[in-house]
Amino acid sequence: MKILAIESSCDETAASVVEDGRKVYSNVIASQVKEHIIYGGVVPEIASRMHAEAISGVVKEALLQADCTLDDIDAIGVTYAPGLIGALLVGVNFAKGLAYASGKPLIPTHHLRSHIAANYITSPELKPPFLCLVVSGGHSHIVAVNDYTDFKIIGRTRDDAAGECMDKSARSMGLDYPGGVNLDRISKDGNPLAYKLPRPRVDGCKYDFSFSGLKTAVVNTVHNAKQKGEEISVPDLGASCIHAVTECLVSNTVEAAKEYGFNKIALAGGVSANSVLRRKMTEVCEKNGWELYMPDLKYCGDNAAMVGSQAYYEYLSGNIASLDLNARATMPIDTLE
């Protein structure tokens, strides 16, 4: 079954043709990073307008690279939640138009479910159940993937996401957007123990995260140094920040895996590309004799191939949308409406 998938939840306009949830024929992405870098982050209105400008060409290119026409496509999959509402609406409405014009089924797909499904592309042998740490600029979850469309949230952030913490910390250090990527790059030779930073915990919810205090600690460290006329070592502070964030992510995931009896662990989301997180998860999984699955770097960030993968399993479960499908800015991964 070939699915034409569309992704426009943030600042990447993407389209892909995926067969049976595992084989990728094309994966086209139009990035907006250069447009948003001058603002230090994504401007929603600009993102929406750029999606509208790019989406037709991106979809055409995805079909061209896959050597397909709409007649060869069996269904249209689209990200409809969660994300920037204006950006989502561009993709949803374009997909609805394609579905109506072609008579193909329309498959509504959850963004975080799609990030998890990126692992099915990189590792076709992977099947549920497994435990997945989903980390991005807007989300940090520990999710029990019981089946392809059956999810249970075990832990989540109570405030800032891990990616948001690193992005804003990077910005306070004077690094360009996207902050997390640049922080990872500049911190490779830094000392992760140079600065003492907190490891916030959530009382009574041992698997939940809280990164707001950690972000504030980094920002205050930078501001206090400026007020005193002292120099900050950006590589050292960056390495210390990443070390603190990843330590929280890994320790909670390990505890959850042990309590819930998982021996298959996966990473997903934009922050799953972070080199320190990948290294630490590899080390703890080897230590505990667990299997570890991580998406290829090209599938960590937002892309449509992951949407096409998850859309296949949503279709098999009977999740087909009518043409009154609307976008949703927020929606839990374990409950679709």
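Which residues have the most contacts inside the largest nonpolar core? Select Phe211, Val245, Leu249 and Leu277: these four have the most contacts within that core, which has 43 residues. Keep in mind that this is a predicted model.

**The largest core**

Next, colour the elements that build this core. β6 (130-135), β7, α5 (162-172), α7 (212-228), α8 (234-260), β9 (264-268) and α9 (275-288) each give at least two residues to it. Helix α8 provides the largest share, twelve residues.

Now centre the view on Leu277 and show its surroundings. Apart from neighbours within four places in sequence, Leu277 is in contact with Leu133, Val135, Thr246, Leu249, Val250, Leu267, Val271 and Ser272.

**The second core**

Then select Val17, Val78, Ala327 and Met331. These belong to a second, separate core of 28 residues.

**The open sheet**

Switch to a cartoon view and find the five strands that form an open sheet, in the order β3-β2-β1-β4-β5, with mixed pairing. At its edges are β3 (23-31) and β5 (106-110), each of which pairs on one side only. From one strand to the next, the twist averages 20°.

Look at β2 (residues 12-19) beside β3: the two run antiparallel and are joined by eight bridges.

**Aromatic rings**

Show the aromatic side chains. The whole structure contains seven aromatic pairs. Start with Tyr120 and Tyr148: their ring centres are 5.2 Å apart and their planes stand at 70°, so this pair is edge-to-face. Tyr120 is in helix α4 (residues 111-122), while Tyr148 is in the loop between β7 (140-147) and β8 (150-156), so the pair ties together parts 28 residues apart in sequence. Are these two residues buried or exposed? Both Tyr120 and Tyr148 are buried.

Move on to Tyr312 and Tyr313. With ring centres 5.0 Å apart and planes at 75°, this pair is edge-to-face. Tyr312 is buried, at a relative accessible area of 15%, and Tyr313 also counts as buried, at 9%.

Select Phe130 together with Tyr120, Tyr148, Tyr312 and Tyr313, and you have a cluster linked by ring pairs.

**A charge over a ring**

Finish at Lys2 and Tyr25. Lys2 lies over the face of Tyr25, 4.6 Å from the ring centre.

Notes
Residues numbered from 1 in each chain as written. Predicted model: local features only at pLDDT ≥ 70, side-chain atom pairs only at ≥ 80, totals over all residues. Heavy atoms only, no water. Phe/Tyr/Trp six-rings, centres within 6.5 Å; stacked < 30°, edge-to-face > 60°. Helix = DSSP H or I, 4+ residues; strand = E, 2+ residues; numbered from the N terminus. Buried < 20%, exposed > 50% of the residue type's maximum accessible area, 1.4 Å probe, protein only. Lys NZ or Arg CZ within 6 Å of the ring centre and 35° of its normal. Pairing = 2+ DSSP bridges. Axes fitted to C-alpha atoms, helices over the stretch in contact; angles between N-to-C directions. Core = buried A, V, L, I, M, F, W, Y, C linked by side-chain atoms within 4.5 Å. Contact = heavy atoms within 4.5 Å.
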